[in-house]
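Good morning, and thank you for making time for this item on the agenda. I would ask you to keep the sequence and the model in view while I speak.

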Amino acid sequence: MVSHYRPAASYADLPLPAPSSSAPLSSVRASSVTSGRSTTRRHRHGRSGGSSAYLPQNEFPVFSGTGDVEIVLASADGRQEKRYLLHRLILSQCSAFFEAGTRPEWSRPGGLSTIGEGGSRAASQERRPSLEQQSGRRWRYTLDWQSAGTEDVPMLVQDTAPPSIFGGSENAPPPVLRPKPTGTSAAFSRSMSNFSALSINSLPSASQPPANPDDEILKDYDNLFRIMYQYPPSLSTSNIATAYTECKALLHLADMYDALPIAGTRVDHHLLRFGARLYKQIAKYPPSYLKLGYLARSRTIFAEALIHVVGQWPLAQSSLQNQVDTAVLDLVEDKHEDLEEAKSSVEAKLWRLSLTNPRGDRVTPSSDYLAWLAVSFFRSWVAENATPAPTPILKPPSSAGPQPQLPAQSSSGRLFRTLSSSAPLPGLGRDDCKRFLKLSPDLYTRDNLRRFERKVEELRNLAREIVRPMCRSFLELDGSAGGGGVALGYLTCTRVGDGEWPWEE
């Protein structure tokens, strides 16, 4: 397209002629094209100058555009402070505390005292705000350190007349933020870098442990709000002991706000990632993990700890009495009674174990004296291994140190495991049988020794089938001594069935 040449100086000084219907179409096109190009150039010049709009943060932990619940977490000395601007809908769905605290009858200054005053329907409708009024409502919570004890965790309380970040009164909507262009692109970059640094520093880091208990409390609150918004909490992923302490504090805080269902699922997922290290830790401290598994509603952790507690009961009774729900203690006692009944039944079968002759009758000294001696020899071995060793009268040497005594049920567990294994049994080997037969010189022959060993082996096979149900292990931990497992002297055949979980009652 051809445009007519006009001098720049005269074009700027001359007034623009008024449009007329008699003007040629080519001149109109030329002027429109020229104005369009100049507008394009001005737009490009403005964009190249680096102007950009300031966008408020609308993500966790501050939702400036949609948040309606402001939460201020400050330490007791005021040294550290964290602010959150969250949503009432999400907080109410995750916590019964916020669901009740943000109701109209709780949020008004009069509290619940206004309910029931005046029985008219008009008064009740007047007290019930409309949907439009409720949608513009704003709430603010702060930590109440004054009402908390020395060892207690402070609770969040509503601040009725706060200097809120919303601006103005608590019921006023947040101010409209209009885009403001910055001066230069360099200044904008510096401001964004400073903002990013502040955001990064405000997030908790697992590598930097809190300096004092107040910081730990703020960290627990931050983890709770993170879980509510489906963000991973800041928990240790390398040290199982540290992770247990952090998860325990988080669960107790969630219990205070009736948010155990969401916090327990996250804690269960985090601890199960430790794998074998978690199961070894549960074997060391079963009562502690039984309480944690109950709070987290974790079937795996609770069942693992319950098996250890029942197998060693009543050693853990002092650690659980008045510290867990009665449903947990009832379950432990019921499982222990079932285990004792099963163990007594198996022990009775072992004591009644005997051999039979070809006619199916039990051997007696008159019918088969050598087989009867084998039965007596095996029963003597069972009695010796089923009863704990007596306490010596003389004190052991100081170099050896005190020897811990195992309870009787631990001896039964070792006896059952020894009988169920395929390894040679100490005390029932060839040399032991030979020494026993030599007590009767007239019976000691090579043929009698081989026959005696066969009878003892037959008794052991019968005993293995009797104790096999008691030697089943429902632990996730490897309970065998070989292959890097942990040798356990107590029974681990306890199992929690469907409908027996204490939190389902």
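This is a predicted model: local features need pLDDT of at least 70, side-chain atom pairs count only at pLDDT 80 or more; totals for chains, interfaces and linings use all residues.

The chain is built from 20 helices and six strands. Of its 505 residues, 35% count as buried. The accessible surface comes to about 30,600 Å², and carbon and sulfur atoms account for 54% of that area. As for the contact pattern, among contacts between residues at least 6 apart in sequence, 64% join residues at least 24 apart.

Helix H17 covers residues 369-386, and its 18 residues should span 26 Å at 1.5 Å a residue; the end C-alpha atoms are 26 Å apart, so expectation and model agree. The buried residues of H17 include Leu-370, Leu-373, Phe-377, Phe-378 and Trp-381. As a general point, an α-helix has 3.6 residues a turn, so residues three or four places apart point the same way.

I move now to the strands. E3 and E4 pair in the antiparallel sense over six bridges. Val-69 stands opposite Leu-86 of E4. The two strands form a hairpin with six residues between them, and Gly-78 in the turn has a positive phi of about 75°.

In general, side chains of opposite charge can pair when their charged atoms come close. A search of the whole structure finds 18 salt bridges. In one of them the side chains of Glu-70 and Arg-140 meet, at 3.4 Å from N to O. Glu-70 lies in strand E3 and Arg-140 in strand E5, so this pair ties together parts that are 70 residues apart in sequence. Are these two partners buried or exposed? Glu-70 counts as buried because its relative accessibility is 0%, and Arg-140 is buried as well, with a relative accessible area of 6%.

A further bridge joins Glu-81 and Arg-83, with the closest N and O atoms 3.1 Å apart. Here Glu-81 is partly exposed at 46% relative accessibility, and Arg-83 is partly exposed at 33%.

Arg-140 has another partner: Asp-159, whose closest N and O atoms with Arg-140 are 2.9 Å apart. This pair links distant parts of the chain, with Asp-159 in the loop between strand E6 and helix H8 and Arg-140 in strand E5, 19 residues apart. Asp-159 is partly exposed, at 24% relative accessible area. Through shared partners, salt bridges join Glu-70, Glu-81, Arg-83, Arg-140 and Asp-159 into one network.

I close with the backbone. There is a cis peptide bond between Phe-60 and Pro-61, with omega of about 10°; Pro-61 lies in the loop between strands E1 and E2. A cis peptide bond also joins Trp-313 and Pro-314, with omega of about 15°, and Pro-314 is found in the loop between H14 and H15.

Which residues other than glycine have a positive phi? Gln-230 is one of them, with phi of about 60°. Gln-230 is found in the loop between H9 and H10 and counts as exposed, at 63% relative accessibility. Asp-258 is one of them too, with phi near 55°. Asp-258 sits in the loop between H10 and H11 and is partly exposed, with a relative accessible area of 47%.

That concludes my remarks, and I welcome discussion.

Definitions and conventions:
Residues are numbered from 1 along each chain as its sequence is written. Side-chain values use heavy atoms; hydrogens and water are left out. Helices (H or I, at least four residues) and strands (E, at least two) are DSSP runs, numbered from the N terminus. The expected span of a helix is 1.5 Å times one less than its number of residues. Buried means under 20% relative accessible area, exposed over 50%, partly exposed in between (1.4 Å probe, protein chains only). Contact means heavy atoms within 4.5 Å. Accessible areas come from the Shrake-Rupley method with a 1.4 Å probe; for residues, only the protein chains shown count as cover. A salt bridge is a side-chain nitrogen of Lys or Arg within 4 Å of a carboxyl oxygen of Asp or Glu. Two strands pair if DSSP finds at least two bridges between them.
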